[in-house]
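User: Hi! I have a structure open and would like to talk it through. Can you help me find my way around?

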Amino acid sequence: MEIRKESPEDAGVIRQINQVAFGHPEEAQLVDDLREAGALLLSMVACDGEQVVGHIAYSRGWIECEGERIPSVALAPMAVLPDYQSKGVGSILLSTSLYTLREMGEAHVFVLGHTWFYPRFGFVPADQFQIASVYQAGDHFMGQELSSGALEGVEGHFMYHPAFEGV
Ligand SMILES: CC(C)(COP(=O)(O)OP(=O)(O)OC[C@H]1O[C@@H](n2cnc3c(N)ncnc32)[C@H](O)[C@@H]1OP(=O)(O)O)[C@@H](O)C(=O)NCCC(=O)NCCS
């Protein structure tokens, strides 16, 4: 399984993977909207030979803290083709992309997602960091520091890119 950054010709297959994995078009549309807005901070694909079978996207988000906007990162969406799920593809895609984000110098990342999946990769409920989602998501809204102590003294609301408003 090769993990690499998306290239321009991957856009169509990325749309299909999101559509099929989620069973509705909103996440596929979100990726297109983020790309068009130049807001895809990192977009990576998992390939089985020539076939793209998984995708993960990160965009710029912000923590509103005492009137300041602290740059952060939103993970969303991620998807693996149904025939390839539960075979470790999502795990390698997530761990490789988190490593890349760290190399890019990003300090923290947040996700609204499955509590059975993300905690394996270092995510904890975001309220442990005093960071709240604008969505009422409880423990499904999770975060992690990519550099140790990066969220010390930071508290507030996590804001997504405006492209998320349609989701
Ligand atoms: C979530 C998703 C990206 C994970 O990718 P994946 O390739 O299946 O992930 P992996 O195979 O690396 O790991 C999945 C693990 O979760 C487990 N799992 C799968 N569904 C589960 C469920 N409903 N409850 C608990 N555990 C579950 C699998 O058994 C596997 O565990 P194991 O490694 O101990 O066997 C993929 O399932 C997917 O595309 N789902 C549909 C879209 C989606 O929900 N995206 C995420 C939005 S937050």
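Analyst: Happy to, and we can go from the ligand to the core and then to some backbone details. This is a predicted model, where local features need pLDDT of at least 70, side-chain atom pairs count only at pLDDT 80 or more, and totals for chains, interfaces and linings use all residues. Residues are numbered from 1 along each chain as its sequence is written.

User: Great. How many residues surround the ligand, and which are the closest?

Analyst: There are 17 residues around the ligand, and the closest are Q85, G90, S91, G113 and W116. A residue is near a molecule if its C-beta atom, placed from the backbone, lies within 6 Å of it. Two or more shell residues each come from α1 (11-22), β4 (68-80) and α3 (89-103). Helices (H or I, at least four residues) and strands (E, at least two) are DSSP runs, numbered from the N terminus.

User: Which element gives the largest share of the shell?

Analyst: That is β4, with 4 residues. By class, the shell has 9 nonpolar, 7 polar and 1 charged residues. Here Ala, Val, Leu, Ile, Met, Phe, Trp, Tyr, Cys and Pro count as nonpolar, Asp, Glu, Lys and Arg as charged, and the others, Gly among them, as polar.

User: Tell me about α1. Which of its residues are buried?

Analyst: I14, I17, N18 and A21 are the buried ones in α1. Buried means 20 or more other C-beta atoms within 10 Å of a residue's own, exposed means 12 or fewer, and partly exposed is in between, with C-beta atoms placed from the backbone.

User: Why are they on the same side of α1?

Analyst: Because they cover an arc of only 95° around the axis of α1; the arc is that of the directions from the helix axis to the C-beta atoms. What covers these buried residues includes α2 (26-36), β2 (40-48), β3 (51-65) and β4.

User: Switching to the core: which residues have the most contacts inside the largest nonpolar one?

Analyst: L75, F110 and V111 do, in a core of 43 residues. A nonpolar core is a set of buried Ala, Val, Leu, Ile, Met, Phe, Trp, Tyr and Cys residues joined through C-beta atoms within 7 Å. Its largest share, 7 residues, comes from β4. Leaving aside neighbours within four places in sequence, L75 is in contact (C-beta atoms, placed from the backbone, within 7 Å) with Y58, V109, F110 and V111.

User: And E6, is that buried or exposed?

Analyst: E6 is buried, because 20 other C-beta atoms lie within 10 Å. E6 is found in the loop between β1 (2-5) and α1.

User: Last topic, the backbone. Which peptide bond is cis?

Analyst: The one from A76 to P77, with omega near -10°; P77 is in strand β4. Most residues other than glycine have a negative phi, and most peptide bonds are trans.

User: Where is E66, and what is its phi?

Analyst: E66 lies in the loop between β3 and β4 and has a positive phi of about 50° although it is not a glycine. E66 is exposed, because it has 8 other C-beta atoms within 10 Å.

Key:
Two residues are in contact if their C-beta atoms, placed from the backbone, lie within 7 Å.
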